[in-house]
Amino acid sequence: MARAGWLGWIGALLASCGQPSVRSPRESERVAIVASEHGPNGVRLVAIDEHGDRQFELIEPATTKVRDQNPAVSPDGRWIVFASSRDRAFDTTSLWIAAVGVEVTPARLTTGDWIDTQPVWTPDGSAIVLASTRDGGDFDLWRLAIRDGRPGSVEQLTHGADHEVTPTIAPDGTILYASVQADPTARGVRSRLEQRAPDGTIQVLTSGPADTSPAFSPDGRSIVFARPAQHGDSMQTELWKMARGSELATQLVVLPITEESGPVWSRDGRFVFATSLLRGDADRPLFSSIVHVDLREDPPHARMLGERAGPVSRLTPAVSTTRLDVQALRSDPEYLPELARIMAAKIADEQAQQ
């Protein structure tokens with residue numbers, strides 16, 4: 001982006017509010033938060049601490065450029081399942097699994113020419129629910145049994161004509177997801193939230209038109225999801241929260257300029273983590289980062305999980321069973337001022353190279 005464009009973004013951010021370091025795994029093998037990190041070899045899964053500092057890679061590096069993303073840690077903290085393009089074209093994914101640790105060799109869970117993605121564990125850890133195109137061109141939800149890291153039986157859960165994606169599961173087994181359909185009148189798509197009860201009954205929860213990536217709280221009483229909000233002349237996707245069984249949703253935080261998606265809860269229900277994306281000219285992604293919100297703050301603030309050795313793009317966070325360091329999270333920089341600082345540093349780098 002031109003210098004004038006960068007300055008415009010920084011001004012808007014302020015009005016609204018290198019390379020990552022690598023620690024030796026011998027220093028600590030603690031896994032608190034997992035992130036998909038962009039790098040020269042594609043997208044890989046890394047363990048980061050409550051400041052966002054990179055600890056180590058979780059999965060053994062591939063020999064080619066791959067995309068590892070959408071991680072989910074099992075309820076007992078032993079396993080991580082994720083979507084990956086390993087052994088496939090870069091824009092397609094199967095599901096893989098690995099023990100939680102340092103550069104562990106993963107095993108492939110699913111095979112086939114279809115796309116498997118967005119896995120989430122059942123509360124008892126006996127299976128995962130995923131979005132897959134294995135029944136045709138559209139995405140449906142499937143349940144894959146898992147025992148000791150090995151795949152078992154597969155069951156189709158939804159058969160809708162639309163795409164059923166981004167599942168989340170409540171303690172009682174209810175599955176909430178986004179139902180996405182083509183919208184010829186708007187030359188785009190429409191999406192709403194639906195839920196599947198344990199007996200298979202489907203219920204529409206929201207009317208949309210662009211509700212996505214829901215996440216049940218650990219107790220199943222609350223839902224956080226992504227929905228657009230009006231900011232001046234533009235619409236930006238924000239995080240919203242509503243009580244289960246209610247139709248009233250309120251914004252979790254207000255973050256104009258950036259777009260938030262893929263929320264996940266900490267295991268104690270206190271924090272919500274999500275991907276935040278800054279776009280530039282022609283809707284081109286400029287920078288992605290992971291933000292977190294402490295729901296006990298009044299009002300709540302978004303803070304950045306930022307690598308202190310230098311900015312690095314990250315997305316699709318997952319939270320482990322490890323107890324989080326609350327004081328460290330509360331000391332992280334507020335998101336929009338930190339993002340403005342990162343953009344200003346980019347301008348300085350551009351000027352130095354001219």
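Across which strands does helix H3 (residues 335-353) lie? In this predicted model, helix H3 lies across E20, E21, strand E22 (285-294) and E23, and it runs at about 45° to E23.

These four strands form an open sheet in the order E20-E21-E22-E23, with antiparallel pairing. Strand E20 (258-265) and strand E23 (302-305) are the edge strands, each of which pairs on one side only. On average, neighbouring strands of this sheet are turned by 35° against each other, direction ignored. Strand E21 (residues 271-279) is joined to E20 by six bridges, and the two run antiparallel. Within this part of the sheet, Thr258 stands opposite Leu278 in E21.

The loop between E22 and E23 contains Pro299, and the peptide bond that joins Asp298 to Pro299 is cis, with omega about 0°. A cis peptide bond also leads from Gly208 to Pro209, with omega near 15°. Pro209 is located in the loop between strand E15 (202-204) and strand E16 (212-216).

| Residue | Phi | Location | Relative accessibility |
|---|---|---|---|
| Gln118 | about 55° | strand E8 (residues 116-121) | 21% |

Technical notes:
Residues numbered from 1 in each chain as written. Predicted model: local features only at pLDDT ≥ 70, side-chain atom pairs only at ≥ 80, totals over all residues. Heavy atoms only, no water. Pairing = 2+ DSSP bridges. Axes fitted to C-alpha atoms, helices over the stretch in contact; angles between N-to-C directions. Contact = heavy atoms within 4.5 Å. Buried < 20%, exposed > 50% of the residue type's maximum accessible area, 1.4 Å probe, protein only.
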